[in-house]
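Please examine the structure shown below.

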Amino acid sequence: MATSQQNINLLKVESASSPLLTSIFRIIQKAAYICLFVLIVCGVIIGTISITLTLREERVATEQKNLTSAIAAAVTKEGMITDIRTRLSVVDEIIRKQKSPLPFIDSMTVITEGTELTTLTITEDNTILIGMRLRTVSEAQTIVSRIMKLVIAKTINFPMLESFTLDEIGGIQMNVSFKVII
Amino acid sequence: MQRAKRFLKLYKNQVVHGTIILISVILALTVIIPQAGTQIRRFKLMRETESNIQQLKEKQALLDSFESSALDTAYRVTVSTFPKEKILGSMMTGLENLMSDYDVTLFSFSFDTVGSIGTQSAIKKGKKENTIYSIIPITMMVEGKLANIRNFLESLNRTRPLYLVKNFDLSFSPDDNIFRSKLILEAYYLPLPKSLGSVGSKLAPFTDAEKSLLTKISEFPELVRLSGSSSINSIPSSPVKSDPFAP
């Protein structure tokens with residue numbers, strides 16, 4: 001019985017693999033399936049997110065457009081509010097800077113009440129110089145006691161008797177200075 | 001070639017699995033990871049946009065809460081306190097009226113800064129945060145009884161437009177029993193804003209301090225009557241240049 005040489009296959013179709021190689025092949029197989037699975041899952045997740053975001057973006061864009069046009073329509077109102085706020089901040093600053101001239105005038109009025117005022121000067125460092133013409137020494141004493149009361153009340157400080165002159169007709173010229181506490 | 005064919009025949013399954021892994025890695029690197037990054041960026045942008053929308057909603061609600069007539073009144077009060085333009089003639093008339101109310105006579109009057117009528121550049125500027133306002137220095141001499149001058153000076157701190165008494169001196173003339181006072185005042189103006197800000201810019205409601213200041217200045221007597229031009233419709237939506245000599 002003659003056998004054709006062409007039909008004889010001396011090599012095994014599947015070569016015998018070592019156990020190590022077999023386990024590596026098994027790992028590669030598992031890794032391939034896992035990769036495929038992960039790829040599909042990630043693709044589905046990213047696709048879903050992308051579609052959701054696209055829909056949401058469209059909704060948000062429409063909402064933003066509507067709000068923007070509504071606010072743009074109220075631009076005059078917004079301008080007024082901004083301008084009011086700007087002016088108020090400056091007004092507040094100026095009002096804080098304002099000083100009342102009343103302490104000067106009031107303290108001077110209290111001291112010179114009932115006397116004949118001859119000179120009056122207010123200097124830049126809040127000092128008031130007053131010249132008065134008095135008839136009697138007791139009037140001068142009254143002036144001094146008024147000044148002392150204002151000093152005690154902390155309305156004025158640094159009172160100074162600048163001059164005290166008795167003239168030939170019996171009148172008294174009294175010059176005093178003091179600083180007003182603001 | 002023969003060897004390659006034999007290798008493929010022998011390791012067909014392993015080659016297929018290897019190819020799957022390779023393609024998966026390539027797809028992950030070129031598609032999945034960049035796409036994931038893109039989606040994360042889109043999501044962050046979306047969150048930002050939603051936050052902006054929330055701000056826009058709050059801003060719209062705030063704008064809706066302001067009643068037009070109340071806002072118009074508040075605007076008139078602030079503009080009459082701090083004018084939007086140089087109203088030199090009206091200021092002078094207003095001061096004269098105030099003096100006549102207190103029986104004080106005007107002795108001399110001058111606007112001090114040279115060129116203040118014609119040019120913006122010559123005007124002294126004040127600054128509060130980002131606001132630059134213009135100062136008009138005024139020197140005036142008044143005379144009258146002490147009580148009248150006192151009341152006049154006191155009232156100057158509570159008028160619309162607002163003045164600041166920078167300095168004053170008082171002199172007494174015993175011959176005619178009259179007091180004279182030299183006053184250095186500051187008047188102010190602040191032109192309307194040249195731009196009104198963007199739609200997305202934040203807008204806050206008036207604070208209690210601002211409200212109380214508004215109430216306080218609304219009680220000040222108005223020396224200069226403003227025309228109807230200060231109404232709500234006068235706020236321009238584009239820059240204005242009321243002073244033809246302004247830069």
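Met160(A) has Ser177(A), in strand S4(A), as its bridge partner. Strand S4 (residues 172-180) of chain A runs antiparallel to strand S3 (residues 156-166) of chain A, and eight bridges join them. Strands pair here if DSSP finds at least two bridges between them. The model is predicted: local features need pLDDT of at least 70 and side-chain atom pairs count only at pLDDT 80 or more, while totals for chains, interfaces and linings use all residues. Residues are numbered from 1 along each chain as its sequence is written, chains are lettered from A and ligands numbered from 1 in the order in which they are written, and side-chain values use heavy atoms, with hydrogens and water left out.

**The hairpin**
- Five residues lie between the strands in the hairpin of S3(A) and S4(A), where Gly170(A) takes a positive phi near 90°.
- In a regular strand, side chains alternate between the two faces of the sheet.

**Chain A**
- Chain A has four helices and four strands; helices (H or I, at least four residues) and strands (E, at least two) are DSSP runs, numbered from the N terminus.
- From the N terminus on, the order of elements in chain A is α-α-α-β-β-α-β-β.
- Chain A has 182 residues, of which 30% count as buried, meaning under 20% relative accessible area with a 1.4 Å probe, protein chains only.
- Of the contacts (heavy atoms within 4.5 Å) in chain A between residues at least 6 apart in sequence, 52% join residues at least 24 apart.
- The accessible surface of chain A (Shrake-Rupley method, 1.4 Å probe) is about 11300 Å², and 63% of it belongs to carbon and sulfur atoms.

**Chain B**
- Chain B contains six helices and five strands, in the order α-α-α-α-β-β-β-α-β-β-α from the N terminus on.
- Of its 247 residues, 40% count as buried in chain B.
- Among contacts in chain B with a separation of 6 or more, 76% are between residues 24 or more positions apart.
- Chain B exposes about 13800 Å², of which carbon and sulfur atoms supply 56%.

**The second largest pocket**
- A pocket is an open set of points on a 1 Å grid over the protein atoms alone, where a 1.4 Å probe fits, with protein on both sides within 12 Å along at least five of seven lines; lining residues have an atom within 4 Å of a point.
- The second largest pocket has a volume of about 420 Å³, the space filled by probe spheres set on the points.
- Its lining has 20 residues, and Asn126(A), Val165(B), Lys166(B), Asn167(B) and Phe168(B) lie nearest the centre.
- Strand S4 (163-173) and strand S5 (178-189) of chain B are the elements that give two or more residues to this lining, and S4(B) gives the most, with six residues.

Notes:
Buried < 20%, exposed > 50% of the residue type's maximum accessible area, 1.4 Å probe, protein only.
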